Amino acid sequence: MTMAALKAQNVAQLSYQGKTIDLPVCFGTDGPGVLDLQGLYSATGLFTFDPGYTSTASCRSEITYIDGAKGILLYRGYPIQQLAEKSDFMEVAYLLLYGDLPTSVQKDEFIQTINNHTLVHEQVSSFFRGFRRDAHPMAIMVGVVGALSSFYHDSLDIQDPAQRHIAALRLIAKMPTLAGMAYKYSIGQPFVYPQSHLSYSENFLNMMFSTPTTPYVINPLWAKAIDRILILHADHEQNASTSTIRLAGSSGANPFACIAAGIAALWGPAHGGANEAVLGMLEEIGHVDRIPEFIGRAKDKNDPFRLMGFGHRVYKSYDPRASVLRETCYEILGEAGVKDNQMLQLAMELERIAMADEYFIEKKLYPNVDFYSGIIFKAMGIPVTMFTVLFAIARTVGWISQWKEMIADPMQKIGRPRQLYVGKAYRDFIPMEKRLEESQ
Ligand code: CMC
């Protein structure tokens, strides 16, 4: 189904150098309207300037809606809290990909199809062996996910909806397998194959922690927590990695290459790398007694230090995902015995102090989803370098849904932002013998 054309419901006027132009104002289902600036440059010779895109809607989308002020996150209209409580990751994946919740038959078929695609081509294993053992798993993921385009030639034609769909299913199915392989490779253990009788999150845990020598018993509380984290991270509108995927995909690049680009963007500490940065920060703080010192540093304008896992570009009220995950975090910590774990105690004390501090209250800097996911992963014994990989597994569903939506949108064109040039004005080439004198 294609999206309806944009319809102007109002008009804004821009006056510049004695000329007034009409700019159509269009509204979606909810949220702020947009000024349609597509005709701005031809009418005025002006570009817009919006670094970080804080006021720019880069596309139209039917997938995810966020109201940052009210702390609302909807996937295809459904609030994240209801999905986290009543649904599971496979259902949410179906919802994001197809637009509606599945019937029970559709859900079974979807799970079956995903299970059919969990294995990776056996030669992918040799590909892994080219990496150093101490390579960061996100570096490996960028490489191997991109490399999938060299293994699955029958799903690279982006003009064919059936091939696009197969590529989407393959990516969703294979991400946990590749993640498990990246971890096993780093610790020198044999790869563990996916098992179709296990759920998506159970499979991930099994591929991470089981070994050929000892049967691995999956803790149902952990599997539920992983499933919940996957739901909460599955999509988040036009964030940095999703926008990267849309931009890469707008040139016609294949979906495996686009998702690899998204993984690279996600890796940064201001985005998906924040949950890893949270643990780094806790290690740096080291002891509860040092919390005031670090809170002081976070408030100091001359110190670049920030409390990792606090604040959000969009949520200026509480992050709805963080409130769901806070509950799960306390469940897991209860089981893991937080009293025995100095780092987890430190995290809980930091949360308490920061949430009562004027600076953080005034600036609306609440703990975000990465704060709690980092702590949950730590309590489960998932190594810190795998934290962002888990985020990538979850977000693949959102990324590929957004990519598919973009390719099918008749308004889609290659992304090509402009710039405000502030470099040197035109100047003639300086011959080598004259350069020294010129620059002195
Ligand atoms: N610690 C201390 N001060 C902070 C923090 C923080 N974590 N976050 C923002 N501030 C201050 C900042 O110094 C600024 O102060 P002032 O107004 O005096 O200049 C004010 O709050 C607004 O900050 P900003 O950088 O303009 O806010 P932003 O919306 O551009 O940044 C952010 C959002 C997430 C990049 C930022 O809050 C941050 O760096 N947080 C820590 C990293 C983190 O946890 N990132 C994960 C984000 S959630 C995951 C995701 O969805 O990808």
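Which residues of α3 are buried? The buried residues of α3 are listed under Figure 1, where the answer is Phe 89, Met 90, Glu 91, Val 92, Ala 93, Tyr 94, Leu 95, Leu 96 and Leu 97.

The model is predicted, with pLDDT of at least 70 required for local features and 80 or more for side-chain atom pairs, while totals for chains, interfaces and linings use all residues. Residues are numbered from 1 along each chain as its sequence is written, and side-chain values use heavy atoms, with hydrogens and water left out.

Figure 1. Buried stands for under 20% relative accessible area, exposed for over 50%, and partly exposed for values in between, with a 1.4 Å probe and protein chains only. Helices (H or I, at least four residues) and strands (E, at least two) are DSSP runs numbered from the N terminus. At the N-terminal end, Asp 88 caps α3, with a side-chain oxygen 3.2 Å from the backbone nitrogen of Met 90. Just after α3, Gly 99 has a positive phi of about 105°.

**Figure 2. The salt bridge between Lys 107 and Asp 88.** A salt bridge is a side-chain nitrogen of Lys or Arg within 4 Å of a carboxyl oxygen of Asp or Glu. Side chains of opposite charge can pair when their charged atoms come close. Lys 107 and Asp 88 meet in such a bridge, at 2.5 Å from N to O. Lys 107 belongs to helix α4 (residues 104–116) and Asp 88 to the loop between α2 (80–86) and α3, so the pair ties together parts 19 residues apart in sequence. Lys 107 is buried, at 17% relative accessible area, whereas Asp 88 is partly exposed at 23%.

**Figure 3. Two further salt bridges.** The salt-bridge rule gives a count of 15. In one of them, Asp 67 pairs with Lys 70, and their closest N and O atoms are 3.8 Å apart. Asp 67 is buried, with a relative accessible area of 16%, but Lys 70 is exposed, at 61%. Another joins the side chains of Arg 290 and Glu 293, at 3.3 Å from N to O. Both partners are partly exposed: Arg 290 has a relative accessible area of 35%, and Glu 293 has 40%. Elsewhere, salt bridges with shared partners connect Asp 88, Glu 91 and Lys 107 in one network.

Figure 4. The ligand has 20 residues around it, and His 271, Lys 301, Leu 307, Gly 309 and Asp 370 come nearest. A residue is near a molecule if one of its heavy atoms lies within 4 Å of it. The shell divides into 8 nonpolar, 5 polar and 7 charged residues. In this division Ala, Val, Leu, Ile, Met, Phe, Trp, Tyr, Cys and Pro are nonpolar, Asp, Glu, Lys and Arg are charged, and the others, including Gly, are polar. A polar side-chain atom of Arg 306 is 2.9 Å from a ligand oxygen atom. A backbone N or O atom of Leu 307 is 2.7 Å from a nitrogen atom of the ligand. For Gly 309, a polar backbone atom lies 2.8 Å from an oxygen atom of the ligand. Taken alone, the ligand exposes 940 Å², of which the protein buries 75%. Accessible areas come from the Shrake-Rupley method with a 1.4 Å probe; for residues, only the protein chains shown count as cover.

**Figure 5. A nonpolar surface patch.** Phe 49, Leu 420 and Val 422 make up a nonpolar patch on the surface, with about 390 Å² of accessible area together. Patch residues have over 30% relative accessible area and no salt bridge; nonpolar side chains (Val, Leu, Ile, Met, Phe, Trp, Tyr) are joined within 5 Å, and like charges within 9 Å. Val 422 sits in the loop between α18 (387–408) and α19 (432–439). Val 422 is exposed, at 74% relative accessible area.

Figure 6. Gln 17 is not a glycine, yet has a positive phi of about 50°. Gln 17 lies in the loop between β1 (8–16) and β2 and is exposed, with 68% relative accessible area. Tyr 53, also not a glycine, has a positive phi of about 50°. Its place is the loop between α1 (40–44) and β4 (64–67), and Tyr 53 is exposed at 54%.

Key
A polar contact is a pair of N or O atoms within 3.5 Å; within protein, one must be able to donate a hydrogen and the other to accept it, and residues adjacent in sequence count only if both atoms are side-chain atoms.
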